[in-house]
Amino acid sequence: MTKLLFSISRPKPDYIRRVTGGDVAVIRGDIRDLAALIGAFQQTHAECVIHLAASVGEANIDNVYAGFQVNLVATINVAEAARLTGVRPLVHASTQALYVGEDPTEILSEESPIDCRERVYNAAKLGCEHVLRTYAAKHKIELALLRFAGVYGYYAVAGGLGIAVQQAVWDALAGKPVTLNVYESVDFIYAKDLADGIALAVHTDPLPHQIYNLGSGTLTTVQDVENALGRIFPDVKISRGKLTPARPRMDISRARTDLGFNPEYKLEAGLRDYIEQLKR
């Protein structure tokens with residue numbers, strides 16, 4: 001199977017080669033360009049689409065129109081390109097941000113209430129789920145909607161829940177004092193565990209469900225982050241800054257049962273592995 005990375009950003013060939021274990025065809029383009037997507041699918045004879053492209057997090061969207069163009073309209077382009085080129089498996093990155101539950105004692109299942117909460121990022125992701133489910137029903141696309149927990153790891157995110165943890169690691173590595181501007185509690189997942197979950201969704205055929213939570217299955221508190229970083233960087237001063245109100249953890253039992261998903265990295269182990277990646 002030909003591996004293709006379609007990206008508007010400037011890719012890092014050495015990093016891609018190390019992560020994938022080989023050469024990957026890279027086509028630079030804009031997912032808002034339907035013709036370019038169709039051309040890329042046809043050129044590589046794509047057999048599956050994993051759609052991860054997005055402006056992540058409300059803080060990174062300063063223009064409502066542009067935010068919907070990138071996060072919603074572009075997803076329609078991906079679905080249409082898949083339809084026109086006959087690509088049936090389509091895996092889409094959705095988000096735990098859709099869940100309205102805010103009680104940290106709650107456990108969020110795939111059936112828990114969701115809403116956009118008047119946020120561009122949330123509204124676009126919610127719209128994507130509806131659009132893709134409709135495409136799947138009308139055109140027999142094999143769809144997986146994966147709702148990600150907060151992600152941290154090497155070049156994992158440019159926004160969202162994990163960016164504060166990444167910034168803390170970068171500051172600690174530079175010998176700077178660390179200020180934790182994180183959630184009081186949230187479900188975090190290491191990038192390698194998330195990648196494993198995505199791969200399992202791709203290779204599970206047929207999928208018993210369309211929607212899966214991909215998280216760690218545990219609730220990470222600010223104290224957990226502080227303790228883990230303190231053990232890794234005992235000489236670095238760590239303090240708490242602006243904390244975001246607590247969020248619940250996600251129920252990942254469906255992914256465990258249907259996909260065989262089993263996150264391996266606890267927070268400290270994930271942070272240590274992440275730091276080793278940064279040092280390479």
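**Exercise 1: The second largest pocket**

Task: Determine which helices and strands supply the lining of the second largest pocket, and describe that lining.

Solution. Step 1: β4 (89-95), β6 (142-148) and α6 (191-203) each give at least two residues to the lining of the second largest pocket; helices (H or I, at least four residues) and strands (E, at least two) are DSSP runs, numbered from the N terminus. The model is predicted: local features need pLDDT of at least 70, side-chain atom pairs count only at pLDDT 80 or more, and totals for chains, interfaces and linings use all residues. Residues are numbered from 1 along each chain as its sequence is written, and side-chain values use heavy atoms, with hydrogens and water left out.

Step 1: The space in the second largest pocket is about 240 Å³. A pocket is an open set of points on a 1 Å grid over the protein atoms alone, where a 1.4 Å probe fits, with protein on both sides within 12 Å along at least five of seven lines; lining residues have an atom within 4 Å of a point. The volume is the space filled by probe spheres set on the points.

Step 2: The lining of the second largest pocket has 14 residues, and E142, L143, T204, D205 and L207 are the closest to its centre. By class, nine residues of this lining are nonpolar, three polar and two charged (Ala, Val, Leu, Ile, Met, Phe, Trp, Tyr, Cys and Pro count as nonpolar, Asp, Glu, Lys and Arg as charged, and the others, Gly among them, as polar).

**Exercise 2: Packing of α5 with α9**

Task: State how helix α5 and helix α9 pack.

Solution. Step 1: Helix α5 (residues 163-173) meets helix α9 (residues 267-279) at an angle of about 60°, and their axes are 11 Å apart. Axes are lines fitted to C-alpha atoms, for helices over the stretch in contact, and angles run from 0 to 180 degrees between N-to-C directions.

Step 1: α5 and α9 are therefore oblique to each other (under 35 degrees is roughly parallel, over 145 roughly antiparallel, 65 to 115 roughly perpendicular and the rest oblique).

Step 2: The contact (heavy atoms within 4.5 Å) involves V165, Q166, V169, W170 and L173 of α5 with L271, Y274, I275, L278 and K279 of α9. Eight nonpolar, one polar and one charged residues form the contact of α5 with α9.

**Exercise 3: Backbone features**

Task: Which peptide bond is cis, and where does P206 lie?

Solution. Step 1: The bond from D205 to P206 is cis, with omega near 0°. Step 2: P206 is in the loop between α6 and β11 (211-214).
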